[in-house]
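Hello,

Here is the structure I promised to pass on. Please have a look at it first, and then read my notes below.

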Amino acid sequence: MTATRRGFVKRAGAGVLGAVLAPSLARAQAAAVSAGSLYDVAVVGAGAFGAWIAYHLKRAGCHVALLDAYGAGNARSSSGGQSRVIRMGYGDQEIYTRWSMRSLELWKSLFSEAEQPSLFQRAGVLWMARGEDPLTTQTLVTLQRLGVRHERLGRSELEGRWPQIDFGPNNWAIYEPESGFLMAFRAVQAVVQTATDMGVEYVRESVIPPAGEGRLRSVATGSGRKVLADKVVFACGPWLPKLFPELLGERIFPTRQEVFYFGPAPGDERFRSPAMPVWVDFAEQIYGLPDVEARGFKVAPDRHGEAIDPDSAERVITPATLASVRDFVARRFPALKNAPLVASEVCQYENTSNGDFLVDRHPGFENVWLAGGGSGHGFKHGPALGEYVAARIVQGGPVDMRFSLATKEKVQKRTVY
Ligand SMILES: Cc1cc2nc3c(=O)[nH]c(=O)nc-3n(C[C@H](O)[C@H](O)[C@H](O)COP(=O)(O)OP(=O)(O)OC[C@H]3O[C@@H](n4cnc5c(N)ncnc54)[C@H](O)[C@@H]3O)c2cc1C
């Protein structure tokens, strides 16, 4: 790839620096605005996907611009929550187990480089199961085949190890001791910080949906700048259907997802790591994380919520979901029956029809790529997805059929969890 290093072509006044960013990130952003250039690749969207795509492109030697409308890890974005689970178990969907394994390696390595190792916490992940549950049974086979450390625990072992959990009808579980959770929005900011330290030029600017077809020579921003780039990647998560309504309006379904944090009693360590792992009660479509940084014990339904607009949605939980989550908490974690709700988040999944990611070329623009469709499980995979997308852009080669636009249907039939 060739690149003349000139920077953003400035059409209007200077951009507003990102309030959510660390000061050094804001400084890097200011430098980007005045630097100038034809970029090899402009990446639009600095969530878990876009940040890692930009990072890997830079590592591959590209001159990269990274733009985000609201700032990396912002509260509206799907990557903007406090924490995200990283687990290896994916039933028989081996590619996601492999990507999780690769991603955990890359997350840890980046956090170590950024001197923020606590952005990953090895709390362990406990996947509860009932009877012959096929997904958990298949997970066991995949973990064994790929050599992922895990334990298969029966009911009495579960009760002995985690007496604070009433397992109800769950009679066995898989425990992954090396897995855990990522401190989500700060992890994304650490990736962007590392990428800018390497030379990625990052700016907080909204990109206007491109019009026409053929070759996209530049993207225009809300403030009137024009960013010239040989290739453009749109990694805009739940905004993809708004940017490309004809193409993706009916193929990516952003749904409203509520997250609840309950406050354990003072001195009660049973709901913090290491006493409490990340847990999934698959049959009840609910999961949670230990209390971290005293923000509360996290509980989140995994059922798809109502349709949501990521720009304008009010991020307030609903009494009905709170009541159903409370009912679950009282059954599964009896000591938290009367624990107060101390915090909450409303986020969104950007679901594809079956939960497989979207990585493909835009059919109308020969040099434009689309990356998204995280579908409620994408965060952990940012590093591997970024590596995959960067390799396709730099080296060429086909994309896996399961990630292609052609497989993204207009009816939701979830098969990836
Ligand atoms: C409640 C909840 C819990 C989840 N739990 C997990 C979990 O435990 N484990 C897991 O692996 N995954 C989980 N996920 C899924 C995961 O968080 C997402 O799949 C992932 O964060 C998607 O990242 P993204 O980069 O595609 O999108 P986003 O993080 O939304 O990033 C897109 C970015 O694009 C920017 N953008 C949009 N439009 C424009 C524009 N026009 N110009 C410039 N920038 C633009 C936005 O500002 C945003 O920052 C969860 C999601 C939610 C909502």
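What follows covers the ligand site and then the aromatic rings.

This is a predicted model, in which local features need pLDDT of at least 70 and side-chain atom pairs count only at pLDDT 80 or more, while totals for chains, interfaces and linings use all residues. Residues are numbered from 1 along each chain as its sequence is written, and side-chain values use heavy atoms, with hydrogens and water left out.

Let's start with the ligand. Around the ligand there are 36 residues (a residue is near if one of its heavy atoms lies within 4 Å), and D68, S79, V85, V207 and C347 come nearest. A backbone N or O atom of S78 is 2.8 Å from a ligand oxygen, and a polar side-chain atom of Y287 lies 3.5 Å from a ligand nitrogen. The protein covers 98% of the 1000 Å² of accessible area that the ligand has on its own (Shrake-Rupley method, 1.4 Å probe).

Now to the rings. The whole structure holds 25 aromatic pairs (Phe, Tyr or six-membered Trp rings with centres within 6.5 Å; planes under 30 degrees apart are stacked, over 60 edge-to-face, the rest tilted). Y96 and F357 have ring centres 5.1 Å apart and planes at 80°, so they pair edge-to-face. Both Y96 and F357 are buried (under 20% relative accessible area, with exposed over 50% and partly exposed in between; 1.4 Å probe, protein chains only). The rings of Y96 and F403 are also edge-to-face, because their planes stand at 75° with centres 6.5 Å apart. Ring pairs join F49, Y90, Y96, W99, F357, Y388 and F403 into a cluster.

Best wishes

Conventions:
A polar contact is a pair of N or O atoms within 3.5 Å; within protein, one must be able to donate a hydrogen and the other to accept it, and residues adjacent in sequence count only if both atoms are side-chain atoms.
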